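Thanks for passing this one along. Here are a few friendly notes to read beside the model.

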Amino acid sequence: MTKRRRGISNKAAFKESVRRWAETLNAKPSQIRVQRMKKKWASCSSGGTLTFNEDLLAQNESFQEYVIVHELLHLRVPNHGKLFRSLMSLYLPDWEERAKYSSAF
C-alpha cells in the first residue's frame, strides 16, 4: 500500500516536481500551469500545455504523483488504451491504488 504523505502545497515546488517527472518520462510539455479548475484534476492540450487544478496542492503526495505522471504520459499517448496503462504501470506500478486517494471530485 502506498504511503499517504503530505503533498507539495507550493505552486513553484509542484511545477518543479512536474519538470522532474517530465525528464524521467522523456515528455516535453510546452507549458505547465496551476490554476483553478472546476471539474477535473488536470488536463493536457494538443499543444502540450499541462494544466493542473490548484486544489491538487491540498492532496497527498502519492495522488499528486499519479496525476502528474498521468498527464505527462498523455503527451506521448493521447488515450487511455493498453499502451497508456502499460506505461502507467511501468512508472507507477501502484497507479490504480493511487488513483483512489483523491479527496474531491
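Among contacts in the protein chain between residues at least 6 apart in sequence, what percentage join residues at least 24 apart?

1. The figure is 51% for pairs at least 24 apart, counted among the contacts between residues at least 6 apart in sequence. Please keep in mind that this is a predicted model.

2. On the overall fold: the protein chain holds four helices and three strands. Read from the N terminus, their order is α-β-β-β-α-α-α. The radius of gyration is 13 Å, close to the 13 Å given by the globule rule for 105 residues, so the protein chain is as compact as a globular protein of that length.

3. Of the 105 residues in the protein chain, 44% are buried.

4. Now to one helix pair. Helix 2 covers residues 61–73 and helix 3 covers residues 82–91; the two pack at an angle of about 140 degrees, and their axes lie 10 Å apart. Why call them oblique rather than roughly antiparallel? Roughly antiparallel needs an angle over 145 degrees, and the angle here is about 140 degrees, so helix 2 and helix 3 count as oblique to each other. The crossing of helix 2 past helix 3 is right-handed.

5. As for who makes that contact, helix 2 contributes Tyr 66, Val 69, His 70 and Leu 73, while helix 3 contributes Phe 84, Leu 87, Met 88 and Tyr 91. Sorted by class, the contact has seven nonpolar residues, one polar residue and no charged ones.

How values were computed:
Residues numbered from 1 in each chain as written. Predicted model: local features only at pLDDT ≥ 70, side-chain atom pairs only at ≥ 80, totals over all residues. Heavy atoms only, no water. Axes fitted to C-alpha atoms, helices over the stretch in contact; angles between N-to-C directions. Parallel < 35°, antiparallel > 145°, perpendicular 65-115°, else oblique. Left-handed = near helix turned anticlockwise from the far one by under 90°. Contact = heavy atoms within 4.5 Å. Nonpolar A, V, L, I, M, F, W, Y, C, P; charged D, E, K, R; others polar. Rg over C-alpha atoms; globule rule 2.2 N^0.38 Å. Buried < 20%, exposed > 50% of the residue type's maximum accessible area, 1.4 Å probe, protein only.
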